[in-house]
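This report describes helix packing, a nonpolar core and aromatic ring pairs. The sequence and the structure are shown first.

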Amino acid sequence: MEKDLVKRAHSAFNQGDYQHAITLYQQAAYQYGQHLFDVNINICEQRLQKSGHAVMGTPRVAPRSVPKSVDAIPVAQQLAETQELLEHYYRRCQELEYRLQDAG
């Protein structure tokens, strides 16, 4: 079940289950690196705050700032692109592991 962790987080986000998405993104961040999921978690926290829900297990503080610039990509587009890249690199990692097993 671990291999589809990011997909499940993305699915929870798309279904509006932001608290569950945060939990899954935090697990993915622990496995793959916090910096890869900071934006995802931040977006979920913002959506929860907009809907008036407290973020469970996280103190109510101002959301982390996301860098802004004139040429910044919309956050939703960045999230989709990040998801695609994560899935690509995960598949590539699996391919390389299989090659190592076959060569061994």
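## Terms and model

A residue is called buried when its relative accessible area is under 20%, exposed when that area is over 50%, and partly exposed in between (1.4 Å probe, protein chains only). Helices (H or I, at least four residues) and strands (E, at least two) are DSSP runs numbered from the N terminus.

The model is predicted, so that local features need pLDDT of at least 70 and side-chain atom pairs count only at pLDDT 80 or more, whereas totals for chains, interfaces and linings use all residues. Residues are numbered from 1 along each chain as its sequence is written, and side-chain values use heavy atoms, with hydrogens and water left out.

## Helix α3

Helix α3 comprises 13 residues, 38-50. From first to last C-alpha it reaches 18 Å, close to the 18 Å expected at 1.5 Å a residue (the expected span being 1.5 Å times one less than the number of residues).

The buried residues of α3 are N40, I41, N42, I43, C44, E45 and L48. They pack against α1 (5-14), α2 (18-32) and α4 (75-103). Just after α3, G52 adopts a positive phi of about 85°.

## Helix α1

In α1, the buried residues are L5, V6, A9, A12 and F13. Viewed down the axis of α1, these buried residues fall within an arc of 125°, so they line one face of the helix; the arc is that of the directions from the helix axis to the C-beta atoms. Their cover includes α2, α3 and α4. Just after α1, G16 also has a positive phi of about 85°.

## Nonpolar core

A nonpolar core is a set of buried Ala, Val, Leu, Ile, Met, Phe, Trp, Tyr and Cys residues joined through side-chain atoms within 4.5 Å. The largest such core has 19 residues, and F13, A21, Y25, F37 and C44 have the most contacts inside it. The elements giving two or more residues to this core are α1, α2, α3 and α4, and α2 gives the most, with seven residues.

Contact means heavy atoms within 4.5 Å. Neighbours within four places in sequence aside, A21 is in contact with A9, A12, F13 and C44.

## Aromatic pairs

Rings of Phe, Tyr and Trp (its six-membered ring) pair if their centres lie within 6.5 Å; planes under 30 degrees apart count as stacked, over 60 as edge-to-face and the rest as tilted. Two aromatic pairs are found in the whole structure. The rings of F13 and Y18 have centres 5.4 Å apart and planes at 65°, so this pair is edge-to-face.

The rings of Y25 and F37 have centres 6.0 Å apart and planes at 35°, so this pair is tilted. It links distant parts of the chain, with Y25 in helix α2 and F37 in the loop between α2 and α3, 12 residues apart.
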